[in-house]
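Let's walk through how the chains of this model meet and where open space is left between them. Please have the sequence and the 3D view ready.

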Amino acid sequence: MTMPLKLNGRLTIEDLNALPEIPIEGITYDQMYIEKQPICPEYIPPDQDIIPSSKRTVVIDPGRICMPFGAMWAAVGVHKCIPFVQGAQGCTTYPRYTFSRIFREPVSIATASFHEDTAVFGGRKNFIDGLRNLIIRYHPEVIAIITVCSSEIIGDDMEGFLEEAQEELEEELGPKILDEVKFVITHTPSFAGSHVEGYNRAAAAFLKTLAKRTTPNNKVNIIPGMITPGDIREIKHILKLMDIEGTILFDISETLDCPLRLPQPMPYYPKGGTRTEDIVNMGNSLMTFALCPDQGGAGAKYLEKRFKMPATIGPLPLGIHSTDLFIKSLAEATGKPIADEIKDERGILIDAMADTFHYTMGMRVAIYGDPDIAAAATRFCCELGMEPAIVGSGTESKQFVKDVWATAYEYDRKPIILNGSDMFEWEDYLKKDKIDLILGNSKAANVSKEADVPLVRIGFPIYDRVGYQRRAYVGYRGGEYLLDLIVNTILDSKFPDDRVQQ
Amino acid sequence: MAIPEEYKLKCDFTIPERYKHHVLTNRKEPNIPACNVKTIPGDMTERGCAFAGSRGVVGGPIGDCIQIIHSPSGCAWYQWGTRRNLSDIYAWAGPNTLCNDSQNRRRAVTSDLLEKDVVFGGMEKLEKTCLEAWRLIPGAAGILIYTTCTSGLIGDDCPSVARRVEREIGKPVFVIDSPGFCGVSQSTGHHHFNVQFYDQVVEYREKHPEACMKEEEKGPYDITIIGEFNMDWDLAYIKPLFEKLGCRVVAVFTGGERLGNLLKIPDAKLNVLHCQRSCTYISDLIKEGFEVPYVNASFFGIEQTAKALREVAEFFGSEEMMEKAEQIIEYELEVISPAIDFYRERLTGKKVGMYVGGPRVWHWQRVMKELGMKVVFGMCTFAHEDDYEKINARAEDGVFLVDNPNEFEIEECLERFKPDLFLTGLKEKYLCRKLGVPTVNSHSYEKGPYACFRGMVNFARDIYEGVYAPVWKFARDKDFI
Amino acid sequence: MKSCLNLCRGTHLVRKRKNGTNLPLCSRPSAPGGITQRSCAFYGARWMLAPLEDAIHVVHGPVGCASYGSTVRGRSFRVFSTALEEKDIVFGGRKRLIRTIKEAKAIMPHAKYCFVYATCSTAIIGDDIENICKKMEKDLGCPVIFVNCPGFKGDSQASGHRVAYESLLNRLIGQGKRTEVGEYDVNIIGDYNINGESKVLKSLLEEMGIRVRCIFTGHADYEGIIAAHTVRLNLLICQSSGRFLAEALQKRYGIPYLKVTFLGPSQTMAGLRKIGQYFGLEAQAEKVIATGYKAIKPGLDRFLPRLKGKRAALFFGAARMASLIKALDDMGTKVVFTGSQFGDLTTYKETCQAVSPGTYIIDDASEQDLEHLLDELRPDVFMGGIKEQYLSHKLGIGFCPFPQLKRAGPYVGFQGFLNFAGSVHNAVYAPVWKLARGE
């Protein structure tokens, strides 16, 4: 075996090709030096007049995806549910890539495979064939039928198609197939909203189709919204401590974070997920909590209207105040006392906040994310004594603006609020201001490097670091984790090494 | 030829129309499965859409244009900085800083179609979008507009918008009309981009002769490299190799290339075609239109790269060049032999399965052989008949091939053939981990360029790391099953 | 309010009477088992000598003393240890010490001097470190100074401070000459550059035209120390431990000293004026004061209205009590109790003068004393060292660390006062206290 060469510094392409020997470790890209070529010789500033998003049409670096993605996220949280996307193959393959990148888990989503003839003649045949193929090979328990812009534009009559499909299936496979497989249709045309609205519509659709009222019980319903599997586990932990039984709709903590255990049966189905019987049973509960007002609020409102079930919509229990509200509502609704262990957990978070306020007070933060996460993060930052200077939401939302204003008023802050703006505008504000920290998703990493401001990753999507999906941000323990992230990032960037000992 | 009973996959019993997509290879009498046909709805296919093929694969790597996607925000978001087609052209982020990522990956620019645009038409919006984007991202060389399912279905006439915008900004504005539902897979998108781009380039050259290469600038050994998208900087090894040979690389289609150079592609003497699935179309068109021939090449593996160099040298017919080629091949072999021997020793006898888009399955048969590994099955998403012919010609006999596999078929093949490594893409990566099979990302690579002689060391190393990672031992621990 | 240890120790806690000068009992040994906040003489000696980074520091004892002694005021310093084991304690550590000193010099060949610290074990087993040091001086060709600071010496770290200063005085100061002596040369005694103070002090004085030759021990090196006797004036900042050195230098070399402090604008201005008067540089002093104060006025207008009337409590080493109280006066903050670990009578006299009637003064408070005081008096902010910080938090009282400071930077000088006010402001107004009380 040859001795590897000593390579000092990085190699240009010429050096690379002139090396007389390549070591066994190979030469990886971090050792390669590629000179950056500017696109034009000198800096030309972008036209300042049209940077505010209200003044322009073009959207650069959107902070939102199209609606079907939210519905797919919801459907994947149901046990043995396979989403069936009525559209072209791209509308399925791209979301599957996105899920894989964020959760590092396999995700099965079926497509109706639109081709040109479908665009002309309609998607009926693809739909009926597709459903049949899916059922006889995968035996799912629920099929979430999701439309996309193409099927909505060509005007596919999904409900009509479904009736026909069910008739044909009954003929081929016998009548009990209709008991074994449930169908839920969610209409999600991409141009009518963002993924936030998609999840919302899926929540309403699932509950409309499946939930029934038979005998009332003492459970609570939780519609989590698009939060991480770690977050959902934390909610379950809180329910357990309070000795409350709950049903979590769209429980991705059991489907998008699964162990590697051999041998793995085929086809690949995660063990867990919200069971269909539990969704049916959701009509009998005491109360519904929609943790994210814009992601799942519609489902809670439906149950309220239909079954007169009281609903609490938001805020996301991130940080002390919002978690307090959540726990108090739980206690009031079920009559259970607030467990002592929860008070201890609260105390530990408060202790952590007391230990670190010298690091956080006065720091200016820029926040960007989905409306519910951004509003919750703003409140938590204020609780740490930081100053949210710019708060942006990728999706337009009235609730978001209301929540942020309420927090700002309470803590006497004056953030710039960007409602439904894209990241290009947020980036511009950030670079012109003096910001100490960014709370954002992975798309903010480029901005963070260019403006030389450290980034704490929160929200959706996080794909350029590992482990974020397994950790909680909600609840008291989640607040500790987020606080640790924030303070450690501040220590990394603002404190020379000889100042960190106390 | 139908496959023997024992090779029939159980998961397809209920959809027997899939069996015509499965064959076993045979060198003397190639077996070609049914391919490039409609997907069976609902079978959990891995295919993507035509828009992915046109903008994601071929158009995306273009380095210095603003790529505007006329669609709701989703289509643009999904392609925002995902594929690792790298480039060295960076836009400005501030007076003294360049952006953190290259221009083709840094921004997602879209017209964000909303409900009222779908009802009333989006052409006015598109025009405003293009002009504003031009003001917000200054310094670009041109604009590329892509249509998607939405804009295709509402019937927007994008070429007319493009002409107006071009008049306004004075730089090329090209339109690629490739809605997602066209064709059966990404392959249609490749075709659309090749043909439409070529037509518009020819038109532009006629209107603006200054964009063409002047006669005195043309060299005797000018070549272009077509079908190379600079994944993880493959070009760092490919370009210098040809420059050492004595050729001048005029343009690369399209890895990290400037629009100005792309307009000069027809001015070369020879086109060297690497990805023969996505770019054969434009090579044929240039041959027809400008009488510039092309030679098929493969830059993976020792034997195939050597063959490419020799063929190019032969084409130019220069003695000096052919001698140079031999020298280069000998020298490069010396450079990488110690490392490759190290890996070959440890990888001999290991089994490998492959599932990639199409051409890489035949590009890599020889590479696997050079590393001593045995290919037990191969699968392609969107390959055509000529790809399958090439696979039959380069693989051993009796390798199980699947066209357009769906997820269930992949699972069953993994269970049946039990490879030690699976060369595949991102979506299948996590499925394979659950089944205890290591993978190496075959679309965007793991670490470092894989092309030519020196890149093969990186490829071998990543395969070695996949096969010998300690985690598989723990996963198979009998006490915990 | 009584502490339960009062009975054993007499009144170490007093409350200032109107026009009174009642002082607590001090300079007494601590009660065993009382969880005192004091430390040992070795700690005190390291506190003084650690910033001298161009010297070799050899700790003669088991490895623990060196390990703890390598971190001083939150910074890490290089320390060599003889790392004695059981057989060395039995048979003596002499050979090991000689070898250690030789090896240390080989690793730091450019070091100009060497300190050898005694620890409890080596003092008890009777290793004759002083003679070894004398012998090694010939071998190494540079001063090897014995620092006689075994942990059990004296009542607290104060004895270690004194030993350290003695070693500097007796072995180094006066050994050197200075070629170039100025009219406005001064030394600063008692600043330890915890968070960049030395730089601030130097620049303030240099603005006035004063040249600072050596700062004991925050910014001192060999050349500066051996020629420390060639200045015209010493500025004494740390009244308790530094006073010994200032008085010795006056006695031995006739160099007068001025007691000044730079905490808070009024004391900074008074100090600068005093120095100006001594040197006849009154006009320059006024100029520095005017620019300095003008720069911080906007910041002061922001913080001071919110801090007026807030109540503070103090507890730490000794020296800064009086000056800190006056600085808090500048902030409009009232002190409800104050105390120190090892202050002596002079310190407490000054403190008593500085506080208002009704303030509690305590010497060598134990953990329980502090708990009681905090719980009963409930100040808005408590200032002390690291050990007191988390106790304060658990009682829901904001904490501002002093002297180990965090991001806030030095607290001396004009800009420093703004930093100080900012830190106190953060401690008082952090939202966590409200959340903890459930509001």
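## Salt bridges, contacts and a pocket

Over all chains, the structure holds 81 salt bridges, each being a side-chain nitrogen of Lys or Arg within 4 Å of a carboxyl oxygen of Asp or Glu. This is a predicted model, in which local features need pLDDT of at least 70 and side-chain atom pairs count only at pLDDT 80 or more, while totals for chains, interfaces and linings use all residues. Residues are numbered from 1 along each chain as its sequence is written, chains are lettered from A and ligands numbered from 1 in the order in which they are written, and side-chain values use heavy atoms, with hydrogens and water left out.

Here are two of these salt bridges:

| Salt bridge | Closest N to O |
|---|---|
| A:Asp251 and A:Lys236 | 2.8 Å |

Helices (H or I, at least four residues) and strands (E, at least two) are DSSP runs, numbered from the N terminus.

Now to the chains. Two pairs are in contact (heavy atoms within 4.5 Å), and chains A and B share the most contacts. Chain B and chain C are joined by no contact, and their closest C-alpha atoms lie 29 Å apart.

Chain C and chain A bury about 2200 Å² between them, 61% of it on carbon and sulfur atoms; this is the accessible area (1.4 Å probe) lost on putting the two together, summed over both. On chain C, the elements giving two or more residues to the side that touches chain A are β4 (75-76), α17 (386-394), β16, α18 and α19.

Finally, which element gives the most to the lining of the second largest pocket? That is α18(C), with 8 residues. The pocket has a volume of about 1500 Å³, the space filled by probe spheres set on grid points that are joined across faces, edges and corners. On a 1 Å grid over the protein atoms alone, a pocket is an open set of points where a 1.4 Å probe fits, with protein on both sides within 12 Å along at least five of seven lines, and lining residues have an atom within 4 Å of a point.
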